[in-house]
Amino acid sequence: MVQARNPQNGESSTPLVVQGEGLTNDGLIPHIFSSMPALNDAASYLAQTTSYLTGCFSDYSVEHSPRRSGASVPHAQELVDFPSAETDTSSSTEIDHISSNRIHLTSVESSIASTSAPPHMHDEITRTSGGDLLQNSNALVESNRTGQSGISIFQSLIDRARRTVRGSADDIGWLQRDPGMPPVEDGTERFLEILDSIKHGVHKLPNSVVYLLIPGLFSNHGPLYFVNTKVSFSKMGLACHIAKIHSEASVEKNARELKEYIEEIYWGSKKRVLLLGHSKGGVDAAAALSLYWSDLKDKVAGLALAQSPYGGTPIASDLLREGQLGDYVNLRKLTEILICKVIKGDMRALEDLTYERRREFLKEHHLPKEVPIVSFRTEAGISPAVLATLSHVAHAELPVVAPAGEPTKLPVVVPLGAAMAACAQLLQLRYGEKSDGLVTCRDAEVPGSVVVRPKRKLDHAWMVYSSLNDDPSEGDASQVCEALLTLLVEIGQKKMHELAMKDE
């Protein structure tokens, strides 16, 4: 707060401007990060400076003229507004007395001048007074508009600064806070039991259904996306497909394509379909069930969502929201060029994963209560060892032919683990949230589902791309997918038994 100097002792005693109610630290700029006092001090100083400047705009919005009777009133009001509550009340009384005397003297002078003037000058004086009054009124209105414009500018700056600092802090985990969402059930213990059995060679997935794997965003440009899982299922004699959809399309477009894909599989095999969606693929599959359940209820046996941003993701929201990082380093423009121009995708594919879009969609379209749902969420490791993790994303064929007549293939590896660890650390530092690098743990838990929360550190890319330094004793991605679908089959059988008991 800016303070006035005491003319007697030179010490700062009385604040010049009292903060307005809309600009206090408790209201407009709260203590955002208790662990970052420097940021709180900066925000507090910004609020106080803005309060002072907006006060200047409002107090000096009237043009003063010592020769006119109305000039003393705004001037007196200005002097009254500046002192704080600690100022002696006699000063205010003295100022009011002086201003009233000035108004009285000015009125007397005006009346004497008007009575002593000749008749032909009286009309001129009246016209001049009327013109001056109109001019002063116009100046007052224009000045008030200028003052209000200045206040709104500073208000918008404060709002923008607040949005920049807060980011997605108020959005993460909104599904758990929404009273209209059903609770979740923890299925981690049973999942670990199934996974342990699979590692010992016990496989319980039935061949009475078809397994459909739905890939996530940018999967069209990863040739080995879900390939290991599909190969593993095929070796067990299970019918398994990877959905051929445009992963960079909008959620509603992919939902319609998945609906047609499921119907085609059902009519061709006469078997129901069990869905496993990863990342955005889980959101697309859930949207297909929400929008077309009347057509799919006899064709779908259940849905497992692995690391899916069902509630949204701060990565998409912070990238596309105004006032965030995308505004300052052109990330939003670069992302638009990458999705729309380079890979010929739709920007709505990323927009549909923001918190705003997910709220709008889930408000209108709910998952059917009778469909079995399993959601799988993980936390990425951020230890230095993760930086050396390499993910196998593709094969490169060399023109040199091997003696056996087969082309030589070299693995194409990418340090996806390091990238996921960096993103996870960023989300941890900024929001204090655990994540797999792209999706926070709370946003991946689907309301009404059986949630699997493993303690093992797994990043967002691990589920679909094999890692070169995986520990064989921990189980690979295909075994984790098998355990998730086995758990989903058990939940479906339990629901069918409950429905049968109700019918009886």
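# Helix packing, strand pairing and cysteines

User: Left-handed or right-handed: how does helix 7 pass helix 16?

Analyst: Helix 7 passes helix 16 in a right-handed crossing. A crossing is right-handed if the near helix is turned clockwise from the far one by less than a right angle, and left-handed if anticlockwise. Helices here are DSSP runs of H or I with at least four residues, strands are E runs of at least two, and both are numbered from the N terminus.

User: Which residues make that contact?

Analyst: Helix 7 brings Asn 228, Thr 229, Ser 232 and Phe 233. Helix 16 brings Ala 477, Ser 478, Cys 481, Glu 482 and Leu 485. Contact means heavy atoms within 4.5 Å.

User: Before I go on, what kind of model is this?

Analyst: It is a predicted model: local features need pLDDT of at least 70, side-chain atom pairs count only at pLDDT 80 or more, and totals for chains, interfaces and linings use all residues. Residues are numbered from 1 along each chain as its sequence is written, and side-chain values use heavy atoms, leaving out hydrogens and water.

User: Back to the helices. What is the angle, and how far apart are the axes?

Analyst: Helix 7 (residues 227-235) and helix 16 (residues 477-503) pack at about 65 degrees, and their axes are 8 Å apart. Axes are lines fitted to C-alpha atoms over the stretch in contact, with angles from 0 to 180 degrees between N-to-C directions.

User: Is Cys 240 buried or exposed?

Analyst: Cys 240 is buried, at 6% relative accessible area. Cys 423 is partly exposed, at 25%. Buried means under 20%, exposed over 50%, and partly exposed in between (1.4 Å probe, protein chains only).

User: And strand 8, what does it pair with?

Analyst: Strand 7 (residues 300-306) pairs with strand 8 in the parallel sense over four bridges. Strand 11 (residues 450-452) also runs parallel to strand 8, joined by three bridges. Two strands pair if DSSP finds at least two bridges between them. Phe 376 is the bridge partner of Ala 306 and stands opposite Val 452.

User: Which residues cover the faces of strand 8?

Analyst: Ile 373 and Ser 375 lie on one side, Val 374 and Phe 376 on the other, and all are buried.

User: Last one. Where is Asp 284, and what does Asp 284 touch?

Analyst: Asp 284 sits in helix 9 (residues 280-296). Asp 284 is buried, at 1% relative accessible area. Not counting residues up to four places away in sequence, Asp 284 touches Ile 245, Val 251, Asn 254, Ala 255 and Leu 258.
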